[in-house]
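Thanks for sending this one over. Here are my notes, written so that you can follow along with the model open beside you.

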Amino acid sequence: MYINYLQNWHNLSYTLSQIRDIMIKNYLLIAFRNLSRNKAFSFINIAGLAIGMAASLLIIQYVSFELSYDNFHPKKDRVFRVTQDRFENGKLSTQWAGGAFAAGSVFKTNFPQIEDYLKLLGNGAILGVYNDQRLTLEKTYFASKSFFNVFGYQLLSGDPKTALQEVNTAVITESVAKKLFGTTDAVGKTFKFDVNQLKVTGVMKDYPENTHFRSDALISWATLLKFVGPKNDIDNAWLNDGCLTYLLLKPGVDAKALEAKMAPFVDQVYKKINWSGATAKYHLMPLEDIHLKSHLMIEAEANGDGKSVYLLAGIAIFVIIIAWINYINLATARGITRAKEVGVRKTLGSAKSQLVAQFILEAMILNGLAIVLAVVLIILFTPIFSALSGQNIMLSTLLLAPVFWLAVVVLFVLGSFFSGFYPAMVLSNFKPVEVMKGRMSASPRGIILRKVMVGFQFVATIFLLIGSLTVYRQVSFMEKQKLGINIDQTLVIKPPLAHVDSFYRSMSSFKNESLRDPSIKSVTVSTSIPGESVQWNAGGIKLKGTDQAQGKQYRIIGGDYDYLKAYDAKLVAGRVFSKDFSTDPQAVVFNVKATQQMGFDKPQQAIGKQIDFWGQVYTIVGVVENYHQQSLHDAYDALIFKCIPDVRGNVSVKLSTANLPQTIDKLKANWKAFFPGDQFDYFFLDQHFNEQYHADRQFGAVFAAFTGIGIFVACLGLFGLVSYTIVQRTKEIGIRKVLGASVNIILQLLYKDFAQLLAIAFLIATPLALYAGNQWLDTYAFKIHMSWWLFVVPFLTVTIIAFATVSYLTVKAALTNPVVSLKTA
């Protein structure tokens, strides 16, 4: 008996398994039959979902890369960069990515919560010489010995504990090793740097793309101490800024609590120094926050914009929601045409759960097909997106990335649920009796929800269009704005690296020989050029005879006699430098912002006044108008121009564009003659200056592209929704035509609903876009005003697209013979 019971149970289980398999096959059969029967519906949904998913996945890849900066360091959660806010007499004067040289070592000594510290000081470009091989190392840093303990960059050869410990030692990247030595087996080899010999004690793997710091070579901190000498105790200097400092905290230390403890300690330090009212506040910035949240002086690299990244993430969400809404709207709108199917199946005993399963399965199939098509689109368009965004996205790397496939799975699951659950519940709730009697119609609640979802699409598209126009206008404004100086037809030669001792004599000869060519208008040398931050920052500068507490910080540009004339700086008062005045090496020129900071009401008041500049006296001989030294992201700086006849720096050459190749060849020949062994490395200043807006242009292009995609997906959904709406109202249109209604009257009837939705969407999107736009524009010191047309044009654009779609389909239906409409409805 027991054996029979087990056998019956086994047979029953087998039967249930067969029934389940049959049901699943039936669900699949019905699903694919519906997809093939309604080709337009299927195409619109699959295309909309696929494009929405592809766009979202590409943006997710972009955003995830931007958020991944510095996440590869093993100790990243404990590494913090020390940033400095410099104050003068209680007023904020400068915000530095790097602060005083003393910060790292002194903080380590006085706060047991700190496990280790790292100091980095930019050294600019150097010329590395090995036998007959010469290589310009564009970015070099002096680095303290704990570099590889604090950071997680990979050392291919050498000891990470001692690689940066001794004098005249350096760690180079594998790319530099291959170019300079022809091999990565370079440990123990030496190369010449100026008059010094540097021994290679380590070769590190090239820096990854997602790091806020990179260099060609790291020179030991001990080498820097040797250069400056024991008299200059820079390791304990609190008034020398520009040193990037990183702290490695002990496990479990609260960075905010430590920062609070550091504040009174720093206050006491500056009270003891008591110099020109100088004080400072130090902050601890998490390593992973630097790339998107830090835009301070002397950043190691140009960082990203967190607001822009999060705005793009918002676009990804908008686009995929628009695609899901399309499916929900079309599925529920088409539900009435499937009402009889639901009624018959319920009459034959189908449970609600079975119907829900059927409709969710259909949603899963649609989303599955869409996700496959989305991956195909990503494969096709990744190179275009890579060029558009500026990210070097390798397709092979993308397709092997776990984050990418996780996003694919998440989008499929969420898409199947959100786009399938509501239609499944609506359709499975149809009552068989009403369906069979032909009384089936859309419920008021369903119609309201559908209008809400269509309204959301309108809000999203208007918002995105306003945002895209705002970005375009701001970038155009920056590129076309007058700078206040003339950078056109200016060729800049990077400074020579090999001729240190003979620089002034060689440069004078180069200038004189070059100016013999009538195509060359001027040649000037300076410590800074437009388009770059001024690295010479000097504090404590005051009027002669005033109290030391009156000293303030200024940006200093050292140039020869011709610098201001060459760039056509607009003179407001006094004069610019000239060789006719032998005292000009003891003279300075201010810009208007600097005179205001010095306390003068009018620029003319500054002329003839003397200033105390680090113990030396200089006379103000001229004042020039403020100009944009950097991009319009930044406000005007208080600039002081110092006449330095033998200044070393970039060489700016003003030239005629006629016979340009021949002029450049002549300059190159002169350079080789007077600076043998140095590379003739040049660029055009206007292009270099506009490179500052490269990231803004890329962001604008990406924003515009995905705004267009969002609008296209919304239009697909609108086309499908209007099509089904008109199908449902075919009989009504036919009756109205029989009763004498014109096409215009029928159009107005359908326009009314969409006009109301568009008006409501405009009222919602406008304040949202205004707030978001102003938040983004606040990152610029000079910006556009969000004019009324920035809101009206997107609204009119969306309105025209919506009405054109409605008009096309409505006119097509209205022109159909009423007899045919009444027969087919």
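This is a predicted model: local features need pLDDT of at least 70, side-chain atom pairs count only at pLDDT 80 or more; totals for chains, interfaces and linings use all residues.

1. The protein chain has 825 residues, and 50% of them count as buried. Its secondary structure comprises 25 helices and 22 strands. If you take the contacts between residues at least 6 apart in sequence, 80% of them join residues at least 24 apart.

2. Sorted by class, the contact of α16 with α19 holds five nonpolar, four polar and two charged residues.

3. The second pair is α3 (residues 103-110) with α7 (residues 255-273), which pack at an angle of about 115° with axes 12 Å apart. That angle makes α3 roughly perpendicular to α7. Here, too, the record of handedness is simple to state: α3 and α7 cross in a right-handed way. On the α3 side the contact is made by Val106, Phe107 and Asn110, and on the α7 side by Met262, Phe265 and Val266. By class, the contact of α3 with α7 has five nonpolar residues, one polar residue and no charged ones.

4. Is Lys542 buried or exposed? Lys542 has a relative accessible area of 5%, so it is buried, the cut-off being under 20%. You will find Lys542 in strand β14, which spans residues 537-543. The side chain of Lys542 reaches the backbone oxygen of Thr546 at 2.9 Å. Leaving out neighbours within four places in sequence, Lys542 is in contact with Asp547, Gln548, Gln550, Gly551, Met598, Ile611 and Asp612.

5. Ile801 sits in helix α24 (residues 789-814). With a relative accessibility of 28%, Ile801 counts as partly exposed. Residues up to four places away in sequence aside, Ile801 touches Ile711 and Cys715. Leu718 is 83 residues from Ile801 along the chain, and the C-alpha atoms of Ile801 and Leu718 are separated by 9.7 Å.

6. Two backbone angles also deserve a look in your viewer. Asp70 is not a glycine, although it has a positive phi of about 65°. Asp70 is placed in the loop between α2 (39-67) and β1 (79-88), and at 0% relative accessibility it counts as buried.

7. The other one is Asn131, a residue other than glycine with a positive phi near 55°. Where is Asn131 placed? Asn131 is in the loop between β3 (114-130) and β4 (133-143). At 64% relative accessibility, Asn131 counts as exposed, whereas Asp70 counts as buried.

Methods: Residues are numbered from 1 along each chain as its sequence is written. Side-chain values use heavy atoms; hydrogens and water are left out. Helices (H or I, at least four residues) and strands (E, at least two) are DSSP runs, numbered from the N terminus. Buried means under 20% relative accessible area, exposed over 50%, partly exposed in between (1.4 Å probe, protein chains only). A polar contact is a pair of N or O atoms within 3.5 Å; within protein, one must be able to donate a hydrogen and the other to accept it, and residues adjacent in sequence count only if both atoms are side-chain atoms. Contact means heavy atoms within 4.5 Å. Ala, Val, Leu, Ile, Met, Phe, Trp, Tyr, Cys and Pro count as nonpolar, Asp, Glu, Lys and Arg as charged, and the others, Gly among them, as polar. Axes are lines fitted to C-alpha atoms, for helices over the stretch in contact, and angles run from 0 to 180 degrees between N-to-C directions. Angles under 35 degrees count as roughly parallel, over 145 as roughly antiparallel, 65 to 115 as roughly perpendicular and the rest as oblique. A crossing is left-handed if the near helix is turned anticlockwise from the far one by less than a right angle, and right-handed if clockwise.
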